[in-house]
Amino acid sequence: PFGGKSVKSIYKYPLIAADRQTLVLHGRVLSAGVQDDRITVWAVHDDDAQAIETAVHIMGTGHQWHPPENARFVGTVFLSVLVFHVFVVDPAEHQT
C-alpha cells in the first residue's frame with residue numbers, strides 16, 4: 001500500500017533518571033523533553049531498520065561528566081527546579 005517503501009513513525013521512550021542507559025531502537029533519536037514528569041526521548045522508528053542499542057547519557061547542570069567524544073546533544077529538560085541535559089551515541093557510531 002505504500003509503494004514498497006518502509007513505514008516510519010515517531011515513538012517516545014520514557015527514561016529513568018540515570019547517568020547512562022541503553023535503548024533498543026529502530027532509528028535515530030530526534031529530541032528530548034519531559035512528559036508526565038519523566039524525561040523522555042522521541043526517535044524515528046523504521047519498521048525495516050535493524051534494532052540497535054543506543055546509549056543515552058543524562059547529566060545535571062553543574063555535574064561532572066565525561067561524555068564519549070561521539071555523544072550528540074538532543075535536548076535540555078526541566079523537572080521542577082532540576083535541569084538535565086540529554087546526549088545520545090548514535091547507533092552507527094557505537095563501539096563494541
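Two strands count as paired if DSSP finds at least two bridges between them. Strands are DSSP runs of E with at least two residues, numbered from the N terminus.

## Basis of the model

This is a predicted model, in which local features need pLDDT of at least 70 and side-chain atom pairs count only at pLDDT 80 or more, while totals for chains, interfaces and linings use all residues. Residues are numbered from 1 along each chain as its sequence is written, and side-chain values use heavy atoms, with hydrogens and water left out.

## The four-stranded sheet

An open sheet is formed by 4 strands in the order S2-S5-S7-S6, with antiparallel pairing. Its edge strands are S2 and S6, each of which pairs on one side only. The twist averages 30° from one strand to the next. For such angles, axes are lines fitted to C-alpha atoms (for helices over the stretch in contact), and the angles run from 0 to 180 degrees between N-to-C directions.

Thr 22 has Ala 55 in S5 as its bridge partner. S5 and S7 also pair in the antiparallel sense, over 6 bridges, and here Met 59 stands opposite His 85 in S7. S6 and S7 run antiparallel and are joined by 8 bridges; the bridge partner of Arg 72 is Val 88 in S7.

Strand S5 covers residues 52-60 and is mostly covered, with 7 of its 9 residues buried. Buried here means under 20% relative accessible area, exposed means over 50%, and partly exposed lies in between (1.4 Å probe, protein chains only). In a regular strand the side chains alternate between the two faces of the sheet.

## The three-stranded sheet

A further open sheet consists of 3 strands in the order S1-S4-S3, again with antiparallel pairing. Strand S1 (8-14) and S3 are the edge strands, each pairing on one side only. From one strand to the next, the twist averages 30°.

S3 and strand S4 (residues 38-46) run antiparallel and are joined by 6 bridges. Val 34 stands opposite Ile 39 in S4.

Side chains of opposite charge can pair when their charged atoms come close. A salt bridge is taken as a side-chain nitrogen of Lys or Arg within 4 Å of a carboxyl oxygen of Asp or Glu. By this rule the model has 2 salt bridges.

Asp 90 pairs with Arg 28, and their closest N and O atoms are 3.5 Å apart. Arg 28 counts as partly exposed because its relative accessibility is 44%.

Arg 72 also forms a salt bridge with Asp 90, with the closest N and O atoms 2.8 Å apart. Since Arg 72 lies in strand S6 (residues 71-79) and Asp 90 in the segment after S7, the pair ties together parts that are 18 residues apart in sequence. Both Arg 72 and Asp 90 are buried. Through shared partners, the salt bridges join Arg 28, Arg 72 and Asp 90 into one network.
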